Amino acid sequence: MVSLVIDFPEPRLHTPLRVALRLLALLRKAKGATDPSLCEAELWCLGKIACIAHPPGASMIAIVRFPPRAGEMPSGKGAPYDQIQPMPATTSYQHLLQVKNLETEFHTDYGVVRAVDGVDLHIDEGETVGLVGESGCGKSVAALSIVRLVPDPPGRIVGGQVLFEGIDLLRLDVREMRHVRGAKIGIIFQEPLTSLNPVLSIERQIVEPLQEHLGMTRRQASSRATELLDLVGIPDASARIRDYPHMMSGGQRQRIMIAIALSCNPRLLIADEATTALDVTIQAQILELMKDLTERFGTALLMITHNLGVVARYADRVCVMYAGKIREMAPSEELYGNPKHPYTLGLLGSVPRLDMQREAGKLTQIPGDVPDPTRMPPGCAFNPRCDYAVERCSEEDPWMEEVSEGHVAACWESARVG
Ligand SMILES: Nc1ncnc2c1ncn2[C@@H]1O[C@H](COP(=O)(O)OP(=O)(O)OP(=O)(O)O)[C@@H](O)[C@H]1O
Ligand code: SF4
Ligand SMILES: [Mg+2]
């Protein structure tokens with residue numbers, strides 16, 4: 001990241017484009033650059049970031065990321081989305097997203113709920129990771145913590161790091177974080193009606209982030225918005241774009257959410273139960289669309305769901321969460337074929353399968369309920385429900401251990417499981 005401080009006598013007279021051109025000239029001068037394609041890439045970066053502040057009485061400040069990152073458009077001239085060619089990544093960090101020992105609490109009348117209790121997970125460029133677990137285990141709060149949208153109060157992130165492109169998001173200021181949410185991490189929640197603004201047209205809701213984060217003009221943004229609606233399969237996009245959310249079906253609203261979330265070509269998309277409210281046919285269409293678009297743009301995907309079938313089909317890796325912690329993590333095939341945590345085994349046993357013979361037995365269920373989050377049992381939180389439990393389980397909480405390459409589980413008895 002390069003920070004340039006530029007003194008503009010009348011900042012309000014300068015459009016982002018003029019500022020970008022001025023910055024470009026300065027960059028060229030500073031680097032003695034002569035390669036026009038390099039400059040074009042730089043101009044795109046400048047237009048995309050457009051992170052320009054003019055504090056009262058001070059110089060205008062522009063934050064410029066250089067060189068461009070993978071997956072960005074080579075120019076701001078409105079190349080159709082399916083022609084976007086990823087650029088080589090040049091910055092160095094181990095994982096696109098790395099969550100380390102994340103802790104989020106809620107202070108309620110009944111006590112402190114440790115909804116996220118030391119979560120570690122990572123997602124690489126272009127990877128699809130599934131996050132599964134029973135209701136109340138902390139999946140949504142983990143996602144909200146990553147993008148710093150935990151309602152505060154009563155919630156608060158009390159520890160850990162969320163490294164995105166090597167930068168700890170928990171240390172960014174509000175303005176920087178808003179930019180990350182708009183341009184770098186797209187989010188889709190379960191119920192689009194609560195995420196879409198009912199009094200703004202669809203067009204306005206897609207155009208605004210394009211203008212704010214990509215520095216597009218109104219006309220450019222409007223044409224890109226129509227292109228995006230077309231891309232997510234809204235028929236007659238140029239007319240429907242003027243509609244309001246209530247004029248769309250549930251499936252169409254979810255497609256619009258995908259269009260908004262992907263509009264700025266983010267590097268990570270978080271989809272929290274994005275299709276649970278839809279009927280199965282529409283669910284399948286939306287999932288296919290999400291997978292197709294993220295693959296095309298090289299976007300990493302964190303897919304949060306109850307549905308283990310969905311995860312098996314779409315995720316490269318799966319994280320299984322229970323009582324605020326990740327208990328098992330493995331590549332999808334390995335997790336389904338060789339689960340090493342009794343909780344994962346229980347979840348898999350409760351999924352109906354077409355290839356299962358009737359006589360092979362009934363679906364199993366995990367006995368008992370998720371523990372009261374204000375009164376967690378000592379030791380392993382799964383202990384009261386676990387068929388494999390031994391004495392140690394009620395005394396000591398197990399830590400993650402590698403059971404095979406890329407496969408980790410937190411269970412004292414994992415060698416017996418499976
Ligand atoms: N605003 C809040 N105030 C108090 N507690 C909360 C709040 N939001 C979440 N929690 C608690 O945090 C824990 C984790 O909730 P979370 O919504 O992350 O579960 P989840 O795994 O996403 O469940 P589901 O699959 O039902 O969406 C739960 O015990 C929940 O009661
Ligand atoms: S540590 Fe013990 S209680 Fe926890 S999952 Fe393993 S066997 Fe069961
Ligand atoms: Mg949830």
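By class, the shell around ligand 1 is made up of 8 nonpolar, 8 polar and 1 charged residues, where Ala, Val, Leu, Ile, Met, Phe, Trp, Tyr, Cys and Pro are counted as nonpolar, Asp, Glu, Lys and Arg as charged, and the others, Gly among them, as polar. The model is a predicted one, in which local features need pLDDT of at least 70 and side-chain atom pairs count only at pLDDT 80 or more, whereas totals for chains, interfaces and linings use all residues. Residues are numbered from 1 along each chain as its sequence is written, while chains are lettered from A and ligands numbered from 1 in the order in which they are written.

Of the 17 residues around ligand 1, those that come nearest are A115, S135, K139, S140 and V141, a residue being near a molecule or strand if its C-beta atom, placed from the backbone, lies within 6 Å of it. Two or more residues are given to this shell by each of the elements β4 (97-108), β5 (111-123) and α3 (139-146), and the largest share, 3 residues, comes from α3; helices (H or I, at least four residues) and strands (E, at least two) are DSSP runs, numbered from the N terminus. Ligand 2 is surrounded by 13 residues, of which C380, C386, Y388, C393 and C411 are the closest, and its shell divides into 10 nonpolar, 2 polar and 1 charged residues.

Strands of a sheet pair through backbone hydrogen bonds, either parallel or antiparallel. An open sheet of 4 strands has the order β5-β4-β7-β8, with antiparallel pairing, two strands being taken as paired if DSSP finds at least two bridges between them. Strands β5 and β8 (167-168) stand at the edges of this sheet, each with a single partner strand, so one side of each is left without a neighbour in the sheet. Between β4 and β5 the antiparallel pairing extends over 10 bridges, and L97 stands opposite I123 in β5.

A further open sheet is formed by 8 strands in the order β9-β10-β11-β6-β12-β13-β15-β14, and its pairing is mixed. Its edge strands, β9 (185-188) and β14 (401-404), each pair on one side only, and the twist averages 20° from one strand to the next, with axes being lines fitted to C-alpha atoms, for helices over the stretch in contact, and angles running from 0 to 180 degrees between N-to-C directions. Strand β6 (residues 128-132) pairs with β12 in the parallel sense over 4 bridges, and G130 stands opposite V318 in β12. By contrast, strand β12 (residues 317-322) pairs with β13 in the antiparallel sense over 6 bridges, and the bridge partner of R317 in β13 is P331. These two strands, β12 and β13, form a hairpin with 2 residues between them, in whose turn A323 has a positive phi of about 45°. Strand β13 also pairs with strand β15 (residues 407-409), in the antiparallel sense over 2 bridges, and E328 has A409 as its bridge partner in β15. Because 6 of the 7 residues of strand β13 (residues 325-331) are buried, this strand is largely enclosed by the rest of the structure; a residue is buried if 20 or more other C-beta atoms lie within 10 Å of its own, with C-beta atoms placed from the backbone.

Among the helices, the axes of α4 (residues 174-184) and α6 (residues 202-214) come within 10 Å and cross at roughly 120°. That angle makes α4 oblique to α6, given that angles under 35 degrees count as roughly parallel, over 145 as roughly antiparallel, 65 to 115 as roughly perpendicular and the rest as oblique. The crossing of α4 and α6 is left-handed, meaning that the near helix is turned anticlockwise from the far one by less than a right angle.

How values were computed: A residue is buried if 20 or more other C-beta atoms lie within 10 Å of its own, exposed if 12 or fewer, and partly exposed in between; C-beta atoms are placed from the backbone.
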